[in-house]
Amino acid sequence: MAGSMKALKSRMKSIESTRQITRAMELVASSRLRRARERRDNARPHFEVLYDTLQDIAAVNTEFRSRYLARREIKKTCYVVIVGDRGLAGGYNHNVFKLMEEDAQGKEYCVLPVGRKSIEHYGHGKAEIFSDAFPTVADLSVSDCFEMARLICDAYLEGRFDEIKMVYTEFKSILTQEATLMEVLPFHREKTEERRQSARKHIILYEPSSEEVFDAIIPEYIAGILYGGICESVASELAARRTAMNAATKNAGEMLDKLNLSYNQLRQAAITQEITEIIAGSEA
Amino acid sequence: MSTFHLTVVTLDGCVFDGEAERLICRTIDGDVAILPRHIDYCTALGMGEAHIEVNGEFRYAACMGGLLSVLNGEVRLVATTWEWADDIDKARAEASRRRAERILAQEDISERERELAMARLKRALVRSSIAK
């Protein structure tokens, strides 16, 4: 009996120290989450203005052609897969991989992994890797995104693949994050009447020409999309980790309570037994 | 003097949001100045000096890449990088220029490296010309 009490005690100790770690991770994630959300909100207007402008250009000029707008037969797809550098964030990484693999079924594709987990996942010949120059998602800067955008734009124009999709996790709220697939290239032209009318109402002067402006802005726009996707993903990762660690801390607490109860029962049983033994001894 | 509403945004957030009297910046086609009541206009930006006139005073900045659009008198400048003159670290820009020149002076560099070094040199030159 003394042996099982000792085993219980040591188990409780180890759960207690695990709880300390999960609680610390939760705190770290929530404090970094605030900064990540700020960064995400800051990047938002940049993307919106560029997107609107590109749509306007595409809407007014029906006969206008751009290398980025042309749809060609899709032989090969490039996926930009953005996940975290570390695990312990619930289903965060897994959801992204699942979504990407569902979409890629039966297609020929290559992957541009962003984040260490992504490189680990697609490494070892599991998928063709386009570039592994972006191993850590946490310290990717704006200029890295421009570099990445330039890389994929060049390869797209060379015809190494015919469409580019980005798989990332959209940050909806602290409690919900959703793996999302976004088509980056060819540029998707919105064909709504509203867009056409708003574009027709304003006659905009483009200098030097609408084509040139469009082609000059596209790499910028893609860098913006990538950066936005990375910001969203980083915020989502932290939120997912916070939720996962919160649950882990709670579970550890529940386990501790249960173990504590059985420990106390054992201890009480031991005392009762001792008393019975003493009384029996004195009576004899 | 009449003014127009100008917003300057970069990926790191909004750097200017307010009334301005004049905006001068370099586009891929040369320098332009935007004054109040400009027609609807859109162009892509090159690398160069930009300045904004607010209450008769000029504020200088290094502006690289992006887009300038005027719509209904609203001016939006979306820049890849935008650095106010006071924020530019001149020593760093000089160091970056020297590094780029050293790379360009070597003979056995690839086309890609040359391109990168040229771009770095250009940025450094713009920065150091604006920093005071």
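Why does I275(A) count as partly exposed? I275(A) counts as partly exposed because its relative accessibility is 45%, where buried means under 20% relative accessible area, exposed over 50%, and partly exposed in between, with a 1.4 Å probe and protein chains only.

These legends describe a predicted model, in which local features need pLDDT of at least 70 and side-chain atom pairs count only at pLDDT 80 or more, while totals for chains, interfaces and linings use all residues. Residues are numbered from 1 along each chain as its sequence is written, chains are lettered from A and ligands numbered from 1 in the order in which they are written, and side-chain values use heavy atoms, with hydrogens and water left out.

**View 1. A nonpolar patch on the surface includes I275(A).** The residue I275(A) lies in helix α6 (residues 210-283) of chain A, where helices (H or I, at least four residues) and strands (E, at least two) are DSSP runs numbered from the N terminus. Together with I271(A) and I279(A), I275(A) forms a patch with about 240 Å² of accessible area, an area that comes from the Shrake-Rupley method with a 1.4 Å probe.

**View 2. Five strands of chain A form an open sheet in the order β3-β2-β1-β4-β5, with mixed pairing.** Two strands pair if DSSP finds at least two bridges between them. The edge strands, β3 (128-129) and β5 (177-185), each pair on one side only. Two bridges join β2(A) to β3(A) in the parallel sense, and C110(A) has E128(A) in β3(A) as its bridge partner.

**View 3. Strand β1 (residues 77-82) of chain A is mostly covered, with six of its six residues buried.** In a regular strand the side chains alternate between the two faces of the sheet. On one side of β1(A) lie T77(A), Y79(A) and V81(A), and on the other C78(A), V80(A) and I82(A), all of them buried.

**View 4. The strand β1(A) pairs in the parallel sense with β4 (residues 163-171) of chain A over five bridges.** Here T77(A) stands opposite E163(A) in β4(A). Six bridges join β1(A) to the parallel strand β2 (residues 109-114) of chain A, where V114(A) is the bridge partner of I82(A).

Definitions and conventions
Patches are made of residues with over 30% relative accessible area and no salt bridge: like charges are joined within 9 Å, nonpolar side chains (Val, Leu, Ile, Met, Phe, Trp, Tyr) within 5 Å. A salt bridge is a side-chain nitrogen of Lys or Arg within 4 Å of a carboxyl oxygen of Asp or Glu.
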